[in-house]
Each structure stands twice: as C-alpha cells, then as structure tokens.
Amino acid sequence: MRKRFIAVGLITSMLIISSSWAAGKSSADKGLELFNDPKLGNSKNESSCTSCHADGKGLEKAGENKKLTKLINNCLVTNMEGKKIDGRTASMRSLKMYIKSLSR
C-alpha cells in the first residue's frame, strides 16, 4: 500500500513538472520580445505594442491595473487587429511581467 502511495506521488510530481515545462517559462525579457512582435496575437497589420508605446511610454502605471490582461487584449484586438491571448498562458504572463517592470 505504501509503495502505491509513493508511486502515485512520483507520477503526480512528474506530471506537474512536465506540464509546467510544456506551458513555457514566463519572463520580463520574453515579454519585451513579445511587446515588439508585430505578429503578436496573429496581428493583421504591421503594428506591435511598441508602435504606440515606444519603450513602454504611457504604460508606467499600467502594471498596477487589476484588469491588465483585459487592457492588453483590448489593444491586441482593436489596434493590432489580432486575437485575444489567454490570460493563463506564458505569453500573457510574460507581457504582464514586462509591463509591470516599467513602473520600477
């Protein structure tokens, strides 16, 4: 019985670790890369976040906004003519990390 619990624990741990690897790592550096990517959200035009917010200009306090994901997606859909990004993805977490880093 004890071996069974250990085996289940090991398998569960392996699944958690592999799913976090599959989701990708989040980082402000990756967020900066995405911020400058004109293909973010499958954008239909040549715009990127930096087209309107060069060097993060105007976003210095945006990182404090509790609806940051919604704000990012609004820009993606409206200004970049792209699609929303799921708030749980590594890409969205990275974008938010980068934007939050602008307030420092």
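How many disulfides does a search of the whole structure find? The search finds zero, where a disulfide is a pair of cysteine sulfur atoms within 2.5 Å. Keep in mind on this tour that the model is predicted, that local features need pLDDT of at least 70 and side-chain atom pairs count only at pLDDT 80 or more, while totals for chains, interfaces and linings use all residues. Residues are numbered from 1 along each chain as its sequence is written, and side-chain values use heavy atoms, with hydrogens and water left out.

**The whole chain**

Show the protein chain as a cartoon, and you will find five helices and zero strands, running α-α-α-α-α from the N terminus on. Helices (H or I, at least four residues) and strands (E, at least two) are DSSP runs, numbered from the N terminus. If you colour the chain by accessibility, 26% of its 104 residues count as buried; buried means under 20% relative accessible area, exposed over 50%, and partly exposed in between, with a 1.4 Å probe and protein chains only.

Select Cys-49 next, which counts as buried because its relative accessibility is 14%. Its sulfur is 7.0 Å from the closest cysteine sulfur, in Cys-75, and this is too far for a bond. Cys-52 is in no disulfide either, since the nearest cysteine sulfur, that of Cys-75, is 7.1 Å away. Cys-52 counts as exposed, because its relative accessibility is 57%.

**The largest pocket**

Now turn to the largest pocket, whose volume is about 240 Å³. Of the 16 residues that line this pocket, the closest to its centre are His-53, Leu-59, Leu-71, Ile-72 and Cys-75. On a 1 Å grid over the protein atoms alone, a pocket is an open set of points where a 1.4 Å probe fits, with protein on both sides within 12 Å along at least five of seven lines, and lining residues have an atom within 4 Å of a point. The volume is the space filled by probe spheres set on the points, which are joined across faces, edges and corners.

Select α3 (49-52), α4 (68-78) and α5 (90-101) together, as each supplies at least two residues of the lining, and α4 gives the most, with four. The lining divides into twelve nonpolar residues, four polar and no charged; here Ala, Val, Leu, Ile, Met, Phe, Trp, Tyr, Cys and Pro count as nonpolar, Asp, Glu, Lys and Arg as charged, and the others, Gly among them, as polar.

**Two helices**

Stay on α4, where Leu-68, Ile-72, Asn-73 and Leu-76 are buried. Seen down the axis of α4, these buried residues fall within an arc of 130°, so they line one face of the helix; the arc is that of the directions from the helix axis to the C-beta atoms. The face turned away from the buried side of α4 carries the exposed residues Lys-70 and Thr-78.

Move on to α5, in which Ala-90, Met-92, Ser-94, Leu-95, Tyr-98 and Ile-99 are buried.

**Two loop residues**

Finish with Asp-55, in the loop between α3 and α4, where phi is near 55°, a positive value in a residue other than glycine. Most residues other than glycine have a negative phi. Asp-55 counts as exposed, because its relative accessibility is 74%. Then select Glu-81, in the loop between α4 and α5, whose phi is also near 55°. Glu-81 counts as partly exposed, because its relative accessibility is 44%.
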